[in-house]
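Me: I have a model open and want to learn how to read it. Can you take me through it feature by feature?

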Amino acid sequence: MNNFNKIWKKHLQEIEFDTSNLEIKDHLHPEFWKNDQLDRVIRERLLEIADDIFTNLDLPTEIVDILLTGSIAGFNWHALSDIDLHILLDFREIDENFDLVKDLLDAKRIQWNKTHKILISGHEVEIYFQDVSEEHETLSLFSLRDDKWVKNPIKEDPKFDLQGIKNKADSIAREIEHAIGLFDDEKYKESHDYSAKLKEKVKRLRHSGLERDGVYSTENLAFKLLRNNGFLEKLMILKNNSYDKMMSLSSVNSIKINIRENWENFLNS
């Protein structure tokens, strides 16, 4: 076992997840909300961002609404909360092939979120295209266009199994360890296939938890723990770099060096 794997295994053995982001606050985010109303300047900027995105797509439809949701609109906000900006559209007005439209807009969403890093009061804007028929599993929902709550935020006192959440997150983190070990042993195809499988596994786990027990399910909170502690970002780095290395014909080791440096910087941060 080389030094990189030793460092990573030592890190996992000593891992202590920061669970402070799971805490429920006594009030809405004070930078965004005053007397339960969204700050005027922030509202106008978010509307401007959504309108710019929509205009550049040049779609044969109109925006139904622009919604603010997620933890930034509730009592579970934290330092790493994204600003979840949902652009509500009627997909069938764009094309009768619903799945084709969804795939196209998903690709546009991913590309925009990957390309841009817009911060408002230290929180990053993340966009999502939502069809009018799509159910939204959330504790709160605010209409930016109407400047009012569609679904008022409710302060809950959830009783969740913190140790169970940490155990599930730890289990997935150790599977990420295995994928990293494959990469480090130059088994790039196996590393890529396993990291892709892990990505889908995490997605399925979160979805099943949301369907069964809602936003405070063990699976969804384990997902948030992994995301907020940097593991999902590192999994994406691993997936992308293992694919690049797998498809390369050159003997240059720059990809391997880059991922190793990324992980060691993360572990030592």
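Me: How many of the 269 residues in the chain are buried, as a percentage?
Reply: Buried residues make up 45% of the chain's 269 residues. Keep in mind that this is a predicted model.

Me: What secondary structure does the chain have?
Reply: There are 9 helices and 8 strands.

Me: What share of the contacts with a separation of 6 or more comes from residues 24 or more positions apart?
Reply: The share is 72%.

Me: Now helix packing. How do I read an angle between helices?
Reply: Compare it with the cut-offs: under 35 degrees is roughly parallel, over 145 is roughly antiparallel. Take helix α5 (residues 162-184) and helix α8 (residues 231-247). They pack at an angle of about 25°, with axes 11 Å apart. That angle is under 35 degrees, so α5 is roughly parallel to α8.

Me: Which residues meet there, in α5 and in α8?
Reply: On α5, they are A173, I176, A179, I180 and F183. On α8, their partners are F231, L235, L238, N241 and S242. The crossing of α5 past α8 is left-handed.

Me: At what angle do α5 and helix α6 (residues 188-213) pack?
Reply: At about 165°, with the axes 7 Å apart. That is over 145 degrees, so α5 runs roughly antiparallel to α6. This crossing of α5 and α6 is left-handed. From α5, the contact uses I172, E175, I176, H178, A179, L182 and F183. From α6 come Y188, E190, S191, Y194, S195, L198, K201, V202 and L205.

Me: And how do α5 and helix α7 (residues 218-228) pack?
Reply: The angle is about 55° and the axes lie 8 Å apart. An angle of that kind makes α5 oblique to α7. Here α5 passes α7 in a right-handed crossing. The α5 side of the contact is G164, I165, K166, K168, A169, I172 and A173. The α7 side is T218, E219, L221, A222, L225 and L226.

Me: Let's turn to rings. How many aromatic pairs does a search of the whole structure find?
Reply: It finds 5. One of them is W33 with W149, a stacked pair. The centres are 4.6 Å apart, with 25° between the planes.

Me: Where in the chain do W33 and W149 sit?
Reply: W33 is in strand β1 (residues 33-34). W149 is in strand β8 (residues 148-151). The pair links distant parts of the chain, 116 residues apart.

Me: Are W33 and W149 buried or exposed?
Reply: W33 is buried, with a relative accessible area of 5%. W149 is buried too, at 13%. Both are called buried because the cut-off is under 20%.

Me: Which residues do ring pairs link into a cluster?
Reply: W33, F142 and W149.

Me: One last feature. What lies over the face of W77?
Reply: K25 does, at 5.0 Å from the ring centre.

Key:
Residues are numbered from 1 along each chain as its sequence is written. This is a predicted model: local features need pLDDT of at least 70, side-chain atom pairs count only at pLDDT 80 or more; totals for chains, interfaces and linings use all residues. Side-chain values use heavy atoms; hydrogens and water are left out. Rings of Phe, Tyr and Trp (its six-membered ring) pair if their centres lie within 6.5 Å; planes under 30 degrees apart count as stacked, over 60 as edge-to-face and the rest as tilted. Helices (H or I, at least four residues) and strands (E, at least two) are DSSP runs, numbered from the N terminus. Buried means under 20% relative accessible area, exposed over 50%, partly exposed in between (1.4 Å probe, protein chains only). A charge sits over a ring if NZ of Lys or CZ of Arg is within 6 Å of the ring centre and within 35 degrees of the ring normal. Axes are lines fitted to C-alpha atoms, for helices over the stretch in contact, and angles run from 0 to 180 degrees between N-to-C directions. Angles under 35 degrees count as roughly parallel, over 145 as roughly antiparallel, 65 to 115 as roughly perpendicular and the rest as oblique. A crossing is left-handed if the near helix is turned anticlockwise from the far one by less than a right angle, and right-handed if clockwise. Contact means heavy atoms within 4.5 Å.
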